[in-house]
Amino acid sequence: MTPVQLDELPLKSRARVQTIDWAVIPESEGHRLRSLGLEEGVEVEALHKGILLWRDPIAVRVGRMRIALRRKVASAIFCELTL
Amino acid sequence: MSGTLPLVALVGNPNSGKSSLFNALTGARQKIANYPGVTVERKSGRTALPDGRPVELLDLPGAYSLQPDSLDEAVTRDVVLGKFPGQRRPEALIIVVDAGNLDNHLRFAIELIAQGLPVVLALNMVDLAERDGLEIDPTVLGDELGVPVVSTVAVRKRGLDQLLIMLGEALTNPRPEEAVVSESRKQITERAHRIANRAIVNETQGRQWTRRLDAILLHPVGGVAILLALLFVMFQAVYGWSEAPIGWIEGGFAALTGTIKTQIPDSLLRSFLTDGVIAGVGSVVVFLPQILILFLFILLLEATGYMTRAAFVMDRMMAAVGLSGHSFIPLLSSFACAIPGIMATRSIMDQKERLATILIAPLMTCSARLPVYTLIIGAFIPVQSIGPGIGLQGLVLFALYLFGIIGAMLAAAVIQRFVTQSRSSSFLIEMPRYQLPRLSDIALGLWQRAWVFLRRAGTIIFVASIILWALLSFPKVPEGSSQNQVEYSIAGHISDAIEPVVRPIGFNHDIALALIPAMAAREVAVSALGTAYAIDAEDDEQAALRLGPQLAAKWSLATALAFLAWFIFAPQCISTIAVTRRETNGWKWPIFMVVYLFALAYLAAGITYWTAVSFGL
């Protein structure tokens, strides 16, 4: 199955994070992502996409918490859909 | 002495309910200061163990791990490790974790437990976790972690007695010293998951309140409409509800002045007391109602969990000028007053973005500009309808707000590009579950903000007012001279020096004179113009009423418009400058702010003046 970028994940669908391209994420943000528990292997669910036509930032469920992040960072996170 | 009391630190993730627990344990007896050398708030307080022993509690800033990525987190790490200069190491820790977010918060808890200090773990917000369908066994959790665990609901004061009993035991019989095991982050994460899975004995769907509310509040269109409606209500309240209390405060100070005038004969002392001390204190206290109302809203929005949603909704627009959703609330607060706005920037993680936000905060049209705007608009802009429900005066006022916002956005873009050289802003935030706030937490928060404002801004405005009074009072005009006191004073001479500088942008001698006292607070310009035109009115409002026609007769419309343009940008508020110094820990940035804002003000006034003149106004 081809991996889906986190920002392209359809709303309400669940997925597991496979790989994260840490190289394209600024270091401080990468550190914060890990602190929030968004790293390889964690279960995610797309909850909301931002306002009006931008649809940016997005809100994601990570494990038991909700976090908001910009699509640019989310596009470096590759997931595999789960059922 | 507090120095001899056992020191216990509360540590935990942001959104673990740590501060509520701290409030519940210490009550209102808290001490707030900054850690030496950094602008991180240090909150401490006292509580008593069940056996009567007093302990000092320290509320450490929320952190995700002992590898800091913000100033706050660095303070937390250094204090826990006993490496913070001037702060002794705590004897024990109360680790606070959110029961509803166990896997995540346990990682930090595991890291903290490994440090070897006596520890009690507060499994907090168990009520919200139950609402979400989670049932956790604290005994299993305690066995797995090897430390005592107590279920608590800080906002309902549940579990506090048990927590203090456990803390007492932990202090009396510290657990055997173990070698500090350092695990990799991956190992910690895996262990946290394993422990959480064992401790969670039952999991159902729960009521999903947060999910339902988010569907409405984060709706791509509806969410924006709700935020705008909320802001509208907030501004109505800030201006509407504050009118009466401001009137009482002004009345009170006027009565006090009146009493002094009847008790003490006309002298330098009397003038010092009434025009210096009372006028100075009054000019600070008069801001309090608006600041309190504004903070009431902000505290409520924070405590319910909506604040991060507002940041989510606004992020994309702020990104256009190099900022992010994090800057939204501080800038919003600045519409009432830049002082609380600048204080609120502490929540911005990115230090470059925080600096840029501080530097543009004074461009948001604060309430102190309104008296000046009202005076000039009333005197020069005709009452004229230019469309159904749209008056020309209102339109000009709206334009002044708009120019402030546009100016701030342009300034932000330039500052982020050239001054802070931030490559790109970032937005990454945890969105907590919604919850009903505890009113006593809100009340305590309000009281603390009010106190911080009065102490920090108050002392400086007070000193500045005294200096201004001296500049305006000395030297004394000789008996029988035709000159008035203001023109004869040091301030008068300074304004003579300023006049040639501001003449090219259409300002006359009287404006130059008014600009000096307006440094204390912008609205003082109104009473200063009144003095210049020898109007002896009881208060600013009356002065404005009689001043209007005089100005209309003496100033050209071009001068009036230039005067308005000046006030959009000019950093005429010593307290804002003082707060900026405090929050940036030095004089570099406040000086930068003053220089660039005066330059903008000068340019804007000049362009306005000469454009107006070329149109024959």
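1. Basis of the model. The structure is a predicted model, in which local features need pLDDT of at least 70 and side-chain atom pairs count only at pLDDT 80 or more, while totals for chains, interfaces and linings use all residues. Residues are numbered from 1 along each chain as its sequence is written, and chains are lettered from A and ligands numbered from 1 in the order in which they are written.

2. Overall form of chain B. Chain B contains 27 helices and ten strands; helices (H or I, at least four residues) and strands (E, at least two) are DSSP runs, numbered from the N terminus. Its C-alpha trace spans about 90 × 55 × 40 Å along the principal axes.

3. Helix packing in chain B. Helix α9 (residues 222–240) of chain B packs against helix α12 (residues 288–304) of chain B at an angle of about 155°, their axes being 8 Å apart. Because of this angle, α9(B) is roughly antiparallel to α12(B) (a term for angles over 145 degrees). Axes are lines fitted to C-alpha atoms, for helices over the stretch in contact, and angles run from 0 to 180 degrees between N-to-C directions. Met234(B), Ala237(B) and Val238(B) of α9(B) meet Gln290(B), Ile293(B), Leu294(B) and Phe297(B) of α12(B); contact requires C-beta atoms, placed from the backbone, within 7 Å. This contact has six nonpolar, one polar and no charged residues, where Ala, Val, Leu, Ile, Met, Phe, Trp, Tyr, Cys and Pro count as nonpolar, Asp, Glu, Lys and Arg as charged, and the others, Gly among them, as polar.

4. Contact between the chains. Chain B contributes 24 residues and chain A contributes 27 residues. On the chain B side, α3 (102–113), α9, α13 (307–319) and β10 (428–431) each supply at least two residues. The most come from α13(B), with five residues. By class, the chain B side has eleven nonpolar, seven polar and six charged residues.

5. Strand β5 (residues 65–69) of chain A and β10(B) run antiparallel and are joined by four bridges; pairing requires at least two DSSP bridges between two strands. Arg66(A) stands opposite Met431(B).

6. Strand pairing within chain A. Strand β3 (residues 43–49) of chain A pairs with strand β2 (residues 14–20) of chain A in the antiparallel sense over three bridges, with Arg14(A) opposite Glu45(A). Five bridges join β3(A) to strand β4 (residues 58–62) of chain A, also antiparallel, and Lys49(A) has Ile58(A) as its bridge partner.

Definitions and conventions:
Parallel < 35°, antiparallel > 145°, perpendicular 65-115°, else oblique. Contact = placed C-beta atoms within 7 Å.
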